[in-house]
Amino acid sequence: MTTILRDDTPDTDLIESGLESVEIARHVREEIARRRISRQALADMARISLSTLEKALAGKRAFTLATLLRIEEALGVSLRGDTTSSPPAGGDVAPDALGAYSRSAVTWLEGRYLTVRPSFATSGGVFAYLTTIRWVPEKACLGFAETGRADPRFEQIGQVSLPNLSGHIYLVTNEQGQYRLAILSRPTIDGGLFGILTTLEVGKGSQLMPAAAPLALRKLAEGETADLGLVTADMPHYAAYRAMLDRSIEGDFARLHVLA
């Protein structure tokens, strides 16, 4: 018969180095944050009490070897030695640089989005296109791609960052060191994403100029279509698209500061 150790089984085999125990606690907290699970969930997975886990993470009690082995088995990672590297490509957890989110935690963001911003070329016009967000297995992160733009040569493809610190969604394009960034709110109750876009606008001749503008996205239902391209005030969808854009600023999702 196999004997399963309980967390209250007497165990004097403590992690000898206090510094090592502190480092292990830090790595455990990072794994909890990366996977977006609760401490209670980890305790249940590792078959230890929440009290044991809490005391070890707070430094009030050193990790025992038995406890550490159970936590490592539950998380599927080694918590001793060099654990500072980012998750390998092809996994289900995004790199640290993108927020270390797990695939299962971001499925709500995947889909096709109607995307609108002010037209840079037509005063008062709205520029509409599609943004598709999907998990990219080979890069182990969410990726996005723009389609349906009236200027297809400027369609963007990039990665999605979801850091816990700000609580915002970042759509990042990095093309040979040239960045384009959209910073968006988490979805509103009606599924909208609102924020600001920083990019480059074609200036005089071939010169590119930094530009910023409000940005709004709305997830489309399966099979739903939308009017794309330049939308002007005389077109049926203009009022709805303009309302989406106005909400980015008036709803205090983004602020554009200029000198009075």
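**Ground rules.** I am working with a predicted model, in which local features need pLDDT of at least 70 and side-chain atom pairs count only at pLDDT 80 or more, while totals for chains, interfaces and linings use all residues. Residues are numbered from 1 along each chain as its sequence is written, and side-chain values use heavy atoms, with hydrogens and water left out. Helices (H or I, at least four residues) and strands (E, at least two) are DSSP runs, numbered from the N terminus.

**Salt bridges.** I took a salt bridge to be a side-chain nitrogen of Lys or Arg within 4 Å of a carboxyl oxygen of Asp or Glu, and the structure holds 9 of them. Asp246 forms one with Arg242, with the closest N and O atoms 3.1 Å apart. I also looked up exposure, where buried means under 20% relative accessible area, exposed over 50%, and partly exposed in between (1.4 Å probe, protein chains only). Asp246 counts as partly exposed at 26%, and Arg242 is partly exposed at 37%.

In helix 1 (residues 18-35), Glu30 and Arg26 likewise lie 4 residues apart, about one turn of the helix, and their salt bridge brings the closest N and O atoms to 2.6 Å. Glu224 and Arg218 meet through their side chains at 3.2 Å, N to O. I noted as well a network of salt bridges that links Glu146, Arg149, Asp151 and Arg180.

**Strand 2.** I next followed strand 2 (126-136), which is largely enclosed by the rest of the structure, because 8 of its 11 residues are buried. Two strands are taken to pair if DSSP finds at least two bridges between them. Strand 2 pairs with strand 1 (residues 111-118) in the antiparallel sense over 8 bridges, where Thr132 is the bridge partner of Arg112. Strand 3 runs antiparallel to strand 2 and is joined to it by 7 bridges, with Thr131 standing opposite Glu146. I recorded 3 bridges to strand 9 (residues 229-231), also antiparallel, where Ala128 stands opposite Gly229. In the hairpin of strand 2 and strand 3, with 4 residues between the strands, Ala140 takes a positive phi near 55 degrees.

**Cores.** A nonpolar core here is a set of buried Ala, Val, Leu, Ile, Met, Phe, Trp, Tyr and Cys residues joined through side-chain atoms within 4.5 Å. Which residues touch the most other members of the largest core? I found Tyr101, Leu109, Leu142 and Val160, out of 24 residues. The largest share of this core, 4 residues, comes from strand 2. A second, separate core of 16 residues includes Ala25, Ile32, Leu42 and Ala43.

Ala212 lies in strand 8 and is partly exposed, with a relative accessible area of 46%. Leaving aside neighbours within four places in sequence, Ala212 is in contact (heavy atoms within 4.5 Å) with Leu197 and Thr198. The C-alpha atoms of Ala212 and Leu197, 15 residues apart along the chain, are separated by 5.4 Å. Val202, for its part, is in strand 7 and is partly exposed at 44% relative accessible area.
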